[in-house]
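Open the model in your viewer and keep the selection panel handy.

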Amino acid sequence: MNNEPILSRGVWRHYQPGEQQLLAMGAPAVDARLQGGIVRNGLHEFFGAVKMDATAAAAFALMLALRLAEPRIFWISGDKERQASGRLYPPGLAEMGSDPANMLLVQAADLRDALRAAADSIRSKAAGAVILEAQGNAKLIDLTSTRRLALAAAEAGVLALLVRGDAVPMPSAASTRWQVKSAPSTPLPGSAPGLATFDIDLLRHRGGIAPFAARVTWNHATRSFYNTPL
């Protein structure tokens with residue numbers, strides 16, 4: 001684990017080797033339940049509540065990555081994922097608060113190559129966050145492969161996010177496991193579409209935090225979530 005300063009939404013800190021690094025979501029109620037946030041240098045899993053929520057899970061993971069002070073993001077997927085969910089849309093990324101120029105899309109031939117690319121990208125420390133997209137109940141994503149990603153993330157100080165589309169949660173080495181689904185948003189003035197809102201469920205926390213449910217809304221201007229009443 002490196003000892004480089006990390007900026008968490010405007011506050012510089014120096015982390016000592018072995019110290020746990022946390023990334024706050026910005027929503028006070030959620031961060032309180034998480035005792036400060038999710039592990040910044042760890043692996044986290046995101047599942048859609050139903051098949052159609054795979055996009056919501058991917059969007060939520062990307063927004064978490066945008067919480068980083070310098071959100072240089074690698075998005076890695078195989079050919080099966082490209083066929084199932086399409087490609088990232090730069091104007092849409094910009095509307096979420098992302099700078100498409102700070103994102104690198106890695107299109108691997110298959111999931112095996114995508115896993116290798118994800119591990120190599122994490123170890124390289126070239127990105128602040130690495131997002132790996134996988135479709136279906138892939139046997140390659142098991143305790144062994146996720147442990148490799150988790151160890152690499154811990155050593156490199158990189159946020160690793162695993163998005164599982166149309167899959168059922170199975171044992172893994174992820175620090176947290178989340179279920180995500182889209183939720184109704186409040187229309188903006190002039191009946192404009194509201195901000196992206198999600199119902200999130202913490203399914204598992206390796207630190208022993210009890211599962212909980214919450215509704216959060218993303219503010220693209222501040223790159224932060226805030227609490228929304230269920």
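Helices and strands here are DSSP runs, numbered from the N terminus: helices are H or I with at least four residues, and strands are E with at least two. This is a predicted model, in which local features need pLDDT of at least 70, side-chain atom pairs count only at pLDDT 80 or more, and totals for chains, interfaces and linings use all residues. Residues are numbered from 1 along each chain as its sequence is written.

Begin with D166, in the loop between strand 9 and strand 10 (176–182). Its phi is near 50 degrees, a positive value in a residue other than glycine. D166 is partly exposed, at 41% relative accessible area (buried is under 20%, exposed over 50%, partly exposed in between, with a 1.4 Å probe and protein chains only).

Next, select K125, found in the loop between helix 5 and strand 8. Here phi is near 60 degrees, again positive in a non-glycine residue. K125 is partly exposed, with a relative accessible area of 46%.

Now select L43, A118, I122, V130, I131, L132, L149, A160, L161 and L162, which line the largest cavity. Helix 5 (111–124), strand 8 (129–135) and strand 9 (159–165) each give two or more residues to that lining. A cavity is a set of points on a 1 Å grid over the protein atoms alone where a 1.4 Å probe fits but cannot get out, and lining residues have an atom within 4 Å of a point. About 40 Å³ of space lies inside, the volume being the space filled by probe spheres set on the points, which are joined across faces, edges and corners.

Methods: Heavy atoms only, no water. 1 Å grid on protein atoms, 1.4 Å probe; cavity = no way out; pocket = protein on both sides within 12 Å on 5 of 7 lines; lining within 4 Å.
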